[in-house]
Amino acid sequence: MARLAGARPPFAVVGCASPAEAAGVRFPVRAELDRPGAGPPPGDADAVLAAAGAVGADLVFVVPGRWMAGDRLRRLSWALYDTGRPLVVLPGLTQVARRRVRVSTAAGLTLVLVSPPARGGPSAVAKVVIDRVGAALLLVALAPLLAALALAVRLSSPGPVLHRQVRIGQHRRPFRMWKFRTMVQDAERLKAELVPANEREGPIFKMRRDPRVTRVGRLLRRSSLDELPQLVNVLAGQMSLVGPRPPLPEEVARYTEVELRRLLVKPGLTGVWQVSGRSELPWDETVALDLGYVDNWSLGWDADLLARTVRAVIDGRGAY
């Protein structure tokens, strides 16, 4: 049972009518439904309508499943129709953009048709063109800034200006990713000693106060300017302007089947992760955001993420 909300999310749950066998209900149980059995149909209508009236629910939100399906759901819907109360049925799909969903009917049944993700076609071609042209223009426009940053890195500590690191790209293809060096020269060797101090769950290694990061490197990371050389990777077709961040080989080696879906698209210079909290996000939430992008990306969403990246860089939250 829910009330309509004026802003996202559109529903505010105010109570739950739960079957007797259901466990782990997160919301206040306002009514307990009859146990399904071989006898007469359970009397859900009276219990649900009474509970909805008591909490002032605008509509009834049904999650079909083992306890609520078929004729039982149909009878409950009749009771709701007769009282003029709306019914919302959750189809069990998650992270599917609305533009990919279409409702149809066949043989008296209501069907939900879900289009596959856009992996090819004109939109995919346009994304490649935008990536290459955008990267080339940005490299030319930012040339003076890139030169100044290179000089700052060179003067700040011994070592090369650029750091090259093997990352895993689309379809598990390895490539060398470029970025301004933000750590001391022997950072990779020191990493093994710091693993017990890792502050992130999952296969990623992150420390808020990593002792390997130089003073200039800390400023570059906070502003994300250390990532600018990856425009060369975008120009070479190894990365995209927008997409999931490219993981390390050792991280991919620990990926589950679900996490490997992040590699179905090109990794990006920016993405949903970067504009949603960056290193402060838990690993499972990072994966969920990336998978949502992988299945639902569009040119419009890419443009929105690029605009939000500017705000996220200025804010600096979660960058370390």
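Are Tyr255 and Trp283 buried or exposed?

Mentor: Both Tyr255 and Trp283 are buried. Buried means under 20% relative accessible area, exposed means over 50%, and partly exposed is in between, with a 1.4 Å probe and protein chains only. First, the ground rules. This is a predicted model, in which local features need pLDDT of at least 70 and side-chain atom pairs count only at pLDDT 80 or more, while totals for chains, interfaces and linings use all residues. Residues are numbered from 1 along each chain as its sequence is written, and side-chain values use heavy atoms, with hydrogens and water left out.

Now the rings. Tyr255 and Trp283 form a tilted aromatic pair. Their centres are 6.0 Å apart and their planes make an angle of 35°. The rule covers rings of Phe, Tyr and Trp (its six-membered ring): they pair if their centres lie within 6.5 Å, and planes under 30 degrees apart are stacked, over 60 edge-to-face, the rest tilted. This pair links distant parts of the chain, 28 residues apart. Tyr255 lies in the loop between helix H8 (249-252) and strand S12 (268-270), and Trp283 is in helix H9 (residues 283-296). Helices (H or I, at least four residues) and strands (E, at least two) are DSSP runs, numbered from the N terminus.

The count comes to two aromatic pairs. Tyr293 and Trp301 also form a tilted pair, with 5.4 Å from centre to centre and 55° between the planes. Its partners differ in cover. Tyr293 is buried because its relative accessibility is 2%. Trp301, at 25%, therefore counts as partly exposed.

The charged end of Lys127 sits over the ring of Trp297, 5.1 Å from its centre. That label requires NZ of Lys or CZ of Arg within 6 Å of the ring centre and within 35 degrees of the ring normal.

Next, the surroundings. The protein chain has 10 helices and 12 strands. Of its 320 residues, 39% count as buried. Among contacts (heavy atoms within 4.5 Å) between residues at least 6 apart in sequence, 63% join residues at least 24 apart.

Leu93, Val101, Val103, Val112 and Val114 make a nonpolar surface patch of about 370 Å². Strand S7 (101-106) and strand S8 (109-114) are the elements that each give two or more residues to this patch. Patch residues have over 30% relative accessible area and no salt bridge; like charges are joined within 9 Å, and nonpolar side chains (Val, Leu, Ile, Met, Phe, Trp, Tyr) within 5 Å. A salt bridge is a side-chain nitrogen of Lys or Arg within 4 Å of a carboxyl oxygen of Asp or Glu. Areas come from the Shrake-Rupley method with a 1.4 Å probe; for residues, only the protein chains shown count as cover.

Val112 is in strand S8. At 40% relative accessible area, Val112 is partly exposed. Val112 touches Leu93, Val101 and Arg102, leaving aside residues up to four places away in sequence. The C-alpha atoms of Val112 and Arg102 are 5.9 Å apart, while the two residues are 10 apart in sequence. Val114 is found in strand S8 too. Val114 counts as partly exposed because its relative accessibility is 35%.
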